[in-house]
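Please open the model in a viewer and keep the selection panel at hand. The stops below are given in the order in which they may be selected.

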Amino acid sequence: MNNPPTWKNYRWIVCGLLFLATTINYVDRQVLSLLKPTLSEELGWTELDYSHIVMSFSAAYAVGYLLFGWIVDRVGTKIGYSLSVLFWSLAAMGHALAKTTLGFGFMRGLLGVSEAGNFPTAVKTTAEWFPKKERAFATGIFNSGTNVGALVAPIAIPWILGVYGWQMAFVLTGLLGLVWLMAWFFLYEVPSRQRRVSQQELEIIQSDDEKNDNPSTPVIPWISLLRMRQTWAYILGKLFTDPIWYFLLFWLPAYFAEVYGVDLRKPSLELALIYSATTIGSIGGGYLSSWLIRKGWEVYRARRTAMLWFALAVTPVMLVRFTDQVWVAVLFMSLAAAAHQAWSANIMTTVSDHFPGSSVSSVAGIGGMAGSIGGILFPLLVGNLLDHYKQIGQLSSGYNILFLIGGLAYLVAWGVMGIVNEERRVKNEE
């Protein structure tokens with residue numbers, strides 16, 4: 001049997017598949033937040049009811065991160081990703097069958113546990129296909145799918161809602177994953193078994209020539225990973241910052257609807273602009289640290305410097321309390337969301353910087369679980385805080401407190417990660 005012709009720069013085809021999967025992942029999870037006003041009216045949800053549904057997703061997402069991190073390191077990226085996408089697509093479509101708050105909570109749980117497979121698998125795939133000097137940029141590209149998904153959803157979902165009803169919004173978006181799954185099976189294989197990859201490109205992929213980049217090395221047990229300072233730096237970084245992104249994702253549409261009167265039954269230009277900015281942040285943030293490494297910076301220093309700049313870029317969101325102009329708020333939110341995604345592209349890449357390829361998904365899963373635990377607890381604060389301020393007629397004050405927390409979270413995370421990793425930095429310099 002003749003081998004298929006090789007494709008130039010096939011690793012970027014793989015990156016494109018990761019980008020599409022991440023886009024679909026975020027379209028599917030955004031549907032509920034965009035339908036919140038409609039479903040709240042139809043089902044009589046309070047803010048606390050909605051926060052419980054969000055918590056159901058976050059709790060299952062936490063478990064799913066750990067589960068898929070373990071699975072993917074053992075069955076490989078091709079099968080692991082396939083399982084994740086198959087089950088999250090079915091769960092997304094299953095929302096159309098829900099009739100009660102409990103039913104939606106159950107479906108969100110199924111969606112959460114299966115969608116959690118996306119990032120551990122994508123991070124491991126990037127470690128398998130890209131040398132360190134390209135990984136943050138590749139991560140930024142596939143991670144920008146979170147922004148494109150969040151951009152497409154506010155445009156498409158109101159249209160589907162108006163024409164076909166809320167049930168079809170869940171069904172049609174869920175079908176996207178099944179289409180992607182066919183392309184994944186046809187186009188994907190690990191580099192050593194991918195016949196479309198040229199020898200020249202394979203040498204680029206393997207150019208780091210380090211044991212840590214060999215995916216065939218033994219998987220490190222969880223208990224051993226939890227003894228490592230680098231694991232805890234990643235855990236704490238995700239714990240402090242992931243909940244802020246969940247807040248922006250799940251409550252930002254409602255914020256603009258309730259505080260500024262934006263009609264979510266129509267395509268939202270405000271949300272579209274915010275999520276467009278995050279695409280620039282994700283790709284630009286990944287490019288920055290990769291560029292610093294190509295300029296000769298040590299990998300750890302390049303990542304830390306870039307992450308500090310992004311942490312500082314989030315802080316202006318705290319100023320939203322001083323304006324009643326919707327487009328000024330859009331500016332602050334755009335900067336914060338873009339900076340988060342730039343931060344995210346770099347923090348995810350630190351996993352493959354420090355751990356063997358065979359254990360990358362496990363570490364990504366542990367850190368992702370920590371971020372999701374924060375996502376479980378933070379909605380409790382959000383729901384109770386917003387319900388309280390809504391009752392006294394000062395809803396915007398509740399949001400302002402949350403933006404204050406969000407503005408400081410990244411600097412705190414950057415400082416904590418530096419303290420935890422200080423011992424490693426000193427040893428490297430010696």
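Buried means under 20% relative accessible area, exposed over 50%, and partly exposed in between, with a 1.4 Å probe and protein chains only. This is a predicted model, in which local features need pLDDT of at least 70 and side-chain atom pairs count only at pLDDT 80 or more, while totals for chains, interfaces and linings use all residues. Residues are numbered from 1 along each chain as its sequence is written, and side-chain values use heavy atoms, with hydrogens and water left out.

Select residues 360–391, helix α14; helices are DSSP runs of H or I, at least four residues, numbered from the N terminus. Of the 32 residues of α14, 23 are buried, so the helix is largely enclosed by the rest of the structure. From first C-alpha to last, α14 reaches 46 Å, close to the 46 Å expected (1.5 Å times one less than its number of residues). Just after α14, Gly-393 takes a positive phi of about 75°.

Within α14, select Asp-387. Asp-387 is buried yet has no salt bridge, and Lys-390, the nearest side chain of opposite charge, is 5.2 Å away. A salt bridge requires a side-chain nitrogen of Lys or Arg within 4 Å of a carboxyl oxygen of Asp or Glu; Lys and Arg count as positive, Asp and Glu as negative, and His and the chain ends are not counted. Leaving aside residues up to four places away in sequence, Asp-387 touches Glu-47 and Leu-48 (heavy atoms within 4.5 Å).

Finally, select Leu-86 in helix α3. Leu-86 is partly exposed, with a relative accessible area of 31%.

Note on methods
Helix = DSSP H or I, 4+ residues; strand = E, 2+ residues; numbered from the N terminus.
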